[in-house]
Amino acid sequence: MSALVELDGISKYYGNIRALEGVSLEVHAGEITCVLGDNGAGKSTLIKIIAGLHRHDAGTFSIEGGTTTLNSPREALDRGIATVYQDLAVVPLMPVWRNFFLGSEPTKGAGLFKRLDVRTMRETTRSELLRMGIDLRDVDQPIGTLSGGERQCVAIARAVYFGAKVLVLDEPTAALGVKQSGVVLKYVAAARDAGLGVVLITHNPHHAYLVGDRFVLLKRGVMAASHSKDSVTLDELTRQMAGGSELEDLRHELERAPAPAHLGGHDVKEPPAADGP
């Protein structure tokens, strides 16, 4: 079965600046592909290519086996790729149900009598959130009153409802505590279990290993490693993410060198006192 999304040797340049070079990954239905890397590793550029914001300069981008180039986020959505960014595009003072349908509101009536179908939006939002295991007290409350984890979960449920096949999540746990991070990862797994292919962008190998099936490590725009879950341990993934051999080299460089013998013990003489005025 072909991958929902496959990138093969993808590169992106901004003038003489290499943002990405030779990056490959696969996204399969019912699996989570984790992309790990520190700031400046190229994660944001990779997201923008998959989301249709930027076009790649080299390599091949395939959706369900067909080579393509996405020209806009709308085209990506039409092809079933939904991206949830770290700074969620929500209107804090609007209710949860209004944000759930933002930009895709159902209507009823025609002509001068055409109006928003508020009842359908309320009921659909409540039922879709429940289907994902999210039990909100009140879908009429402003979405800004929800926790960061709850807002991420609403965005995931929205993508599932609107027919996404591939869900790209940009650092969904970056600004969250341990408990809220666990809540979000639970719903990331729920999206996977609903048959979506998930791309989880993160700098946290512990979160990635909890839910991931495949792991791609980026360093300064190039692919440093690619693993399936059964081929790498959490310790090894963490070591590679942290720099591995680079950290070992740095440790040797920073080790305190032994003091020269002529500076040791009683051989060191105090400098003469300065003359008084």
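# Briefing: a predicted protein model

Among contacts in the protein between residues at least 6 apart in sequence, 64% join residues at least 24 apart. The model is predicted. Its secondary structure comes to nine helices and twelve strands. The protein has 277 residues, and 40% of them count as buried.

**The largest pocket**

- The largest pocket holds about 830 Å³ of space.
- Its lining is made up of 31 residues. Closest to the pocket centre are Leu77, Ala82, Thr83, Val84 and Arg158.
- Four elements each supply at least two lining residues: α2 (73-78), β6 (81-84), α3 (96-100) and α5.
- By type, the lining residues divide into 20 nonpolar, six polar and five charged.

**Aromatic rings**

- A pair of aromatic rings is described by the distance of the centres and the angle of the planes.
- The count of aromatic pairs in this model comes to seven.
- One of these pairs is Tyr161 with Phe162, whose ring centres lie 5.0 Å apart. Their planes meet at 80°, so the pair is edge-to-face. The cut-off for that label is an angle over 60 degrees.
- Tyr161 has a relative accessibility of 33%, so it counts as partly exposed.
- Phe162 is also partly exposed, at 36% relative accessibility.
- Ring pairs link Tyr161 and Phe162 with Phe100 and Phe101 into a cluster.

**A charge over a ring**

- Lys229 places its charged end over the ring of Tyr209. The distance to the ring centre is 4.8 Å.

**Two buried residues**

- Ala191 is found in helix α6, which covers residues 178-193.
- The relative accessible area of Ala191 is 0%, so this residue is buried. The cut-off for buried is under 20%.
- Beyond residues up to four places away in sequence, Ala191 touches Met132, Ile156, Val160, Leu167, Leu196 and Val198.
- Ala191 and Ala157 are 34 residues apart along the chain. Their C-alpha atoms are separated by 7.9 Å.
- Gln141 sits in a loop, between α4 (118-131) and α5 (148-161).
- Gln141 is buried because its relative accessible area is 12%, and the cut-off is under 20%.
- Leaving aside neighbours within four places in sequence, Gln141 is in contact with Met94, Pro95, Val96 and Leu146.

**Two residues with positive phi**

- Glu64 is not a glycine, yet it has a positive phi of about 50°.
- The place of Glu64 is the loop between β4 (58-63) and β5 (66-68).
- With a relative accessible area of 42%, Glu64 is partly exposed.
- Arg220 is not a glycine either, and it has a positive phi of about 50°.
- Arg220 lies in the loop between β11 (214-219) and β12 (222-228).
- Arg220 counts as exposed because its relative accessibility is 59%. The cut-off for exposed is over 50%.

Definitions and conventions: Residues numbered from 1 in each chain as written. Predicted model: local features only at pLDDT ≥ 70, side-chain atom pairs only at ≥ 80, totals over all residues. Heavy atoms only, no water. Buried < 20%, exposed > 50% of the residue type's maximum accessible area, 1.4 Å probe, protein only. Contact = heavy atoms within 4.5 Å. Phe/Tyr/Trp six-rings, centres within 6.5 Å; stacked < 30°, edge-to-face > 60°. Lys NZ or Arg CZ within 6 Å of the ring centre and 35° of its normal. 1 Å grid on protein atoms, 1.4 Å probe; cavity = no way out; pocket = protein on both sides within 12 Å on 5 of 7 lines; lining within 4 Å. Points joined across faces, edges and corners; volume = space filled by probe spheres on them. Nonpolar A, V, L, I, M, F, W, Y, C, P; charged D, E, K, R; others polar.
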